[in-house]
Amino acid sequence: MIPGEAWNVLHRLRSKGYDVYLVGGCVRDLIMKKTPKDFDIITTADLRQVKDTFSGSAVIVGRRFPICHVYENNSIVEVSSFNTYARGSTSNQIYTSKSPHCSKNDYMRWKNCQGRDFTINGLMFNPYAEKIYDYFGGIEDIKKAKVRTVIPAGTSFQEDCARILRAIRIAARLGFNFPKETAYYVRTLACSVARLDKGRILMEVNYMLAYGSAEASLRLLWRFGLLEHLLPFQAAYFSSNRFKRKDKGTNMLLVLFSKLDSFLAPNRPCHNSLWISILALHEALVRKPCDPLVVATFALALYLGGDMSLALDIGKSINRQHNAEFSELLEPKVWDDQHLLAEVQSLAASMRRALTEMTDEYFVANAMAKIPQAPSSDLVFIPLQAYLKVLKLIECVQHGKKEHGYEPKSDGNIDYHDLSHGTPAEVRNVFTLVVFDTIYPPKMESQHDASS
């Protein structure tokens with residue numbers, strides 16, 4: 001399960017006489033027989049020696065905790081050094097006490113693992129000796145399905161509040177729970193994540209929503225009081241609908257993301273423009289519920305790059321039973337071309353407004369004001385580039401003009417390389433699949449003699 005790119009880096013460093021280990025989440029995932037999102041290596045070489053080993057294909061990045069990115073076959077392998085310590089970290093000073101029976105190598109590994117976030121990430125694997133090193137009970141916590149901090153949770157999250165978001169992300173992806181102490185401090189210190197750099201917040205939210213565990217992530221973000229800090233429009237929706245953890249598929253936002261999850265995986269992510277598009281569409285439907293045929297025809301028009309005539313023809317031929325559980329969808333009616341076109345373009349305009357307000361500090365602050373007991377905040381972390389990318393998708397439908405030179409995908413396959421890089425045809429393709437699977441669930445189609 002270890003790819004060739006990781007082996008190449010391991011072999012090259014080892015051939016220079018350095019000790020090398022796989023470390024962190026990839027070891028956890030290998031133990032659980034899951035596909036790791038990426039592979040991290042730690043070595044006794046310092047970062048300058050790592051860079052020299054891979055001359056021309058390695059770069060040192062990061063300020064607080066520098067690492068080396070090694071480029072192998074269009075992949076990045078992250079390499080850290082035992083000789084590097086996080087700037088500003090207190091855990092090494094507070095909790096380090098070397099045992100007299102501890103060897104130099106054991107102490108080196110133990111001290112590094114102690115500086116990691118969670119016990120299940122504090123694992124090292126020597127693939128040559130075929131040994132796993134576990135100094136903090138990580139394997140036991142994997143067996144118990146627990147996300148537990150290495151050092152006391154309050155200290156850990158105050159030292160690095162990004163660990164709160166990582167805790168949510170890991171628990172969502174693995175289906176794990178938090179011990180009582182960890183859960184208490186995730187909730188108590190939730191507001192501290194607003195202090196993070198916007199780029200870091202975007203990275204963590206993208207890990208939650210773009211890698212196949214978006215639905216579970218949204219549930220945990222809401223449960224622990226983080227959703228209102230990160231996605232206040234969506235938190236306001238949860239609040240107004242009196243969302244309960246054990247809902248039975250009536251929350252359209254969660255169903256949309258569960259359908260998205262079905263197409264993704266840790267090694268098959270999507271570009272952030274896709275999940276931002278889904279958020280904007282749903283917010284538009286919350287504000288103005290629509291006929292399911294209007295939503296379906298809008299998705300078709302977006303898929304076809306603004307070819308409204310063809311979208312209307314295909315849309316009007318749909319004869320499927322829609323999911324009637326969602327308050328965002330109205331009872332279907334019969335439409336003529338003129339009125340259906342007007343409704344589709346109105347939905348596009350509403351989606352555009354929702355997108356704009358989601359990226360405007362004034363409207364974000366107003367959305368938070370609608371949430372009981374929510375703190376005052378105007379945090380916006382969606383970058384301009386992603387906003388413009390989604391806006392371009394919407395505008396061709398809003399203005400009813402087919403995008404010049406655009407050709408939709410002609411097959412039903414997903415090109416995951418294109419999807420991860422935000423290629424418009426692939427983003428439109430998967431967006432339409434998600435919308436159709438949400439409005440017209442396959443199980444309903446099998447129960448209803450229909451054709452598209």
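**Entry 1: Thr119**

I looked up the contacts of Thr119 (heavy atoms within 4.5 Å) and, not counting residues up to four places away in sequence, I found Phe136, Gly137, Gly138, Asp141, Arg148, Thr149 and Val150. The model is predicted, so local features need pLDDT of at least 70 and side-chain atom pairs count only at pLDDT 80 or more, while totals for chains, interfaces and linings use all residues. Residues are numbered from 1 along each chain as its sequence is written, and side-chain values use heavy atoms, with hydrogens and water left out.

Thr119 sits in the loop between helix H5 (104–114) and strand S6 (123–126). Helices (H or I, at least four residues) and strands (E, at least two) are DSSP runs, numbered from the N terminus. Is Thr119 buried or exposed? I noted a relative accessible area of 1%, which makes Thr119 buried; buried means under 20%, exposed over 50%, and partly exposed in between, with a 1.4 Å probe and protein chains only.

**Entry 2: nonpolar cores**

I then turned to the cores, each a set of buried Ala, Val, Leu, Ile, Met, Phe, Trp, Tyr and Cys residues joined through side-chain atoms within 4.5 Å. The largest nonpolar core has 137 residues, and Leu22, Leu226, Trp275, Phe298 and Phe431 touch the most other members. Helix H16 (residues 292–303) gives the most to this core, with 10 residues. Another core, of 12 residues, lies apart from it and includes Met124, Phe136, Val150 and Ile151.

For Leu226, leaving aside neighbours within four places in sequence, I listed contacts with Ile164, Leu165, Ile168, Val186, Ala190, Val193 and Leu221.

**Entry 3: H14 and H15**

I checked helix H14 (residues 252–261) against helix H15 (residues 272–287): their axes come within 10 Å and cross at roughly 155°. Axes are lines fitted to C-alpha atoms, for helices over the stretch in contact, and angles run from 0 to 180 degrees between N-to-C directions. H14 is therefore roughly antiparallel to H15 (over 145 degrees).

Met252, Leu253, Leu256, Phe257 and Leu260 of H14 meet Leu274, Trp275, Ile278, Leu279, His282 and Leu285 of H15.

**Entry 4: positive phi**

Most residues other than glycine have a negative phi. I noted Lys33, with phi near 60°, in the loop between helix H2 (25–31) and strand S2 (40–43). Lys33 is exposed, at 70% relative accessible area.

Asn74 also has a positive phi, about 65°, and lies in the loop between strand S4 (67–72) and strand S5 (75–81). I recorded Asn74 as exposed, at 87% relative accessibility.

Methods: Angles under 35 degrees count as roughly parallel, over 145 as roughly antiparallel, 65 to 115 as roughly perpendicular and the rest as oblique.
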